[in-house]
Amino acid sequence: MLDPLLCKNQNRFRPGRGCPEHILCLRHLIEGFKVKGGGGVIIDFRKAFDSLRRECIPPLLTACCVPLAMICGIMALYTDTTAIVLTSDGYTDPFHASKGILQGDTLAPFLFVLAVDWMMRRALTQELMAGRGVCVTPCRSSRNPAYYLSDLDFADDIALLSHDMSTAQKILTTVKKSAILVGLTINKSKAEYMVCGEVTADVGVQELVTLSVDAGPIVKVDDFRYLGGWLKSFNDDFRHKVLQAWQACNSMWRIWKCPTLSRDCKRMLFQATVGTVLLYNAETWSTTRALAYIHSFCARL
């Protein structure tokens with residue numbers, strides 16, 4: 001019921017959507033950045049599920065036309081709640097929990113995505129981001145204005161996009177202020193940014209800009225690892241997947257040498273473990289002879 005109301009940039013907890021779409025989109029954008037210049041910021045939030053403000057849930061559900069009786073039933077789960085912590089000395093005394101949503105509950109992911117969706121809509125409106133994000137569709141007429149893409153979201157794993165780094169800092173600050181309203185804080189240790197493109201006079205000035213959040217400056221990297229895939233080059237992503245597949249295969253050497261397991265059983269285990277690691281995100285790779293051989297080899301198993 002709520003899926004059509006969510007922003008189209010959000011892929012998490014939605015049917016028919018996954019990680020490869022965002023990875024492929026970002027990889028194409030980075031290829032364009034190499035020519036035109038630009039960059040991106042990868043952000044995550046500190047203890048996101050445990051920090052979400054419960055007071056923001058009823059207004060969000062009301063805006064989505066959820067019946068009042070259902071809203072009252074949902075909020076009954078988050079009224080006068082207590083929690084205990086298991087330590088080495090046993091359980092602690094119960095204490096009052098005033099924020100956060102239930103992890104493991106089937107409804108919690110939708111409530112969380114709804115809050116993140118509202119936060120990103122408020123921070124990155126099309127009017128505010130005009131000229132700030134990446135121009136996907138140029139302006140053709142007064143009735144067909146330019147369209148700018150400023151973010152790609154997978155729950156709270158968010159990629160912010162901009163044509164220059166000084167503008168990226170403005171976008172980052174806007175998202176930070178909007179996140180505070182729902183109780184979220186950007187995790188500095190997981191935030192990264194990257195600059196792409198030929199170094200010109202303008203870009204040279206941009207590279208002197210150091211992006212930062214409240215906790216301090218964030219790390220500049222040469223390549224992004226977003227949703228388990230390396231973005232700058234599919235060749236680098238492929239090499240990392242081969243390494244991870246070998247590690248997964250070597251960790252199961254006892255199974256491969258077990259004389260009581262049949263060959264068919266080992267083949268199914270290989271496909272379920274090593275094969276899935278190797279071929280994750282394979283839809284975003286450009287086809288080469290080596291990749292075609294690996295695909296045919298896995299298909300024969």
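Biologist: Why is Ile57 called buried?

Modeller: In this predicted model, Ile57 has a relative accessible area of 2%, and buried means under 20%, with exposed over 50% and partly exposed in between, for a 1.4 Å probe and protein chains only, so Ile57 counts as buried.

Biologist: What makes a residue a contact of Ile57, and which residues are in contact with Ile57?

Modeller: Contact means heavy atoms within 4.5 Å; leaving aside its neighbours within four places in sequence, Ile57 is in contact with Met75, Ile101 and Leu111.

Biologist: How do you know what span is expected for helix H7?

Modeller: Helices are DSSP runs of H or I with at least four residues, strands are runs of E with at least two, and both are numbered from the N terminus. The expected span is 1.5 Å times one less than the number of residues, and for the 17 residues of H7 (165-181) that expectation is 24 Å, close to the 25 Å from its first C-alpha to its last.

Biologist: What makes strands E8 and E13 edge strands?

Modeller: Two strands pair if DSSP finds at least two bridges between them. The open sheet of five strands has the order E8-E9-E1-E10-E13, with mixed pairing, and E8 (151-154) and E13 (219-220) each pair on one side only. E10 (residues 192-196) and E13 pair in the parallel sense over two bridges, and Tyr193 has Lys220 in E13 as its bridge partner.

Biologist: How are residues numbered, and which pLDDT limits apply?

Modeller: Residues are numbered from 1 along each chain as its sequence is written. Local features need pLDDT of at least 70 and side-chain atom pairs count only at pLDDT 80 or more, while totals for chains, interfaces and linings use all residues, and side-chain values use heavy atoms, leaving out hydrogens and water.
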